[in-house]
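Hi,

Here is the structure I promised to pass on. Have a look at it first, and then read my notes below.

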Amino acid sequence: MSRALKFAAIAGLLMVGVQAGSLANAEEHDRARAEPRAEARGPGPERGGPRPGAARPSFDGRGQVLDSRYNHGRYYPPMGTVRPFLPEGYRPYYRGGNRYYFSGGIWYAPRGPGFVVVAPPPGLVISVLPPYYSTVWFGGVPYYYADNVYYSWQPDQNGYAVVDPPPDADAPSSPPDSTPQGGLMIYPKNGQSKEQQAADQFECHNWAKGQTGFDPTQPGGGAGNADAARGNYDRAMSACLQGRGYQVN
């Protein structure tokens, strides 16, 4: 073979190699565009993301702590948290010459230019319970619990007093009537959340109690003829809840 033909054959082989390499690079580039990198994908269970049925986190996105005592299931700011201003709708209270402010089950006290989350002193009386509370029974007596604070109904003061944790606070007993709302089975018809249902039941309970004088959270209902008062209370509760979009059986 002549020298010219040899150079031509070598040049042709080099050209084929270059084209093959270019084609492989193009294919790799197309795959990279079509398949996002693993670290760019959303976190799944195999990458440390939340798994289905995982336990509820101890903190929410705002640094609040989950109060899971008695399955309370609400988030509150930790004690000692300082806020620059009070939330809307707070209520002022006084005890022992000190000022306290109450909002959504959270207690505040003034500190410098702001307000700090505190535990209220025993004996402080409020007229309305927190919007979300858990009823727990000790020795046949109901206590109302929210954010590590216990409240007890005080008839002589017509309100709920902050009290010390009852003895055996970790082992509440069963109430005399443990059926929801004392025998009423309540079902949301309009997709109301658990929070909305709890608020509606609380408001309807207060209304029915005021209409009938019967309070199912008190021993004997706090009424003379408990059986008759119970029936009137149940009817008032049913009417109130049905008006808010619930089925009551």
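Helices (H or I, at least four residues) and strands (E, at least two) are DSSP runs, numbered from the N terminus. Keep in mind that this is a predicted model, where local features need pLDDT of at least 70, side-chain atom pairs count only at pLDDT 80 or more, and totals for chains, interfaces and linings use all residues. Residues are numbered from 1 along each chain as its sequence is written, and side-chain values use heavy atoms, with hydrogens and water left out.

Now the hairpins. Strands β4 (residues 91–95) and β5 (residues 98–103) run antiparallel, joined by five bridges. Tyr-94 sits opposite Arg-99 in β5, and Gly-96 in this hairpin has a positive phi near 60°.

Three bridges tie β11 to β10 (residues 141–146), with Ala-146 opposite Val-149. Another five bridges link β11 to β12 (residues 159–163), again antiparallel, and there Gln-154 has Gly-159 as its bridge partner.

Finally, there is one disulfide (a pair of cysteine sulfur atoms within 2.5 Å). It joins Cys-204 to Cys-240, with 2.0 Å from S to S. These cysteines lie 36 residues apart, Cys-204 in helix α2 (residues 194–212) and Cys-240 in helix α3 (residues 226–243). Both Cys-204 and Cys-240 are buried.

Cheers

Terms used: Pairing = 2+ DSSP bridges. Buried < 20%, exposed > 50% of the residue type's maximum accessible area, 1.4 Å probe, protein only.
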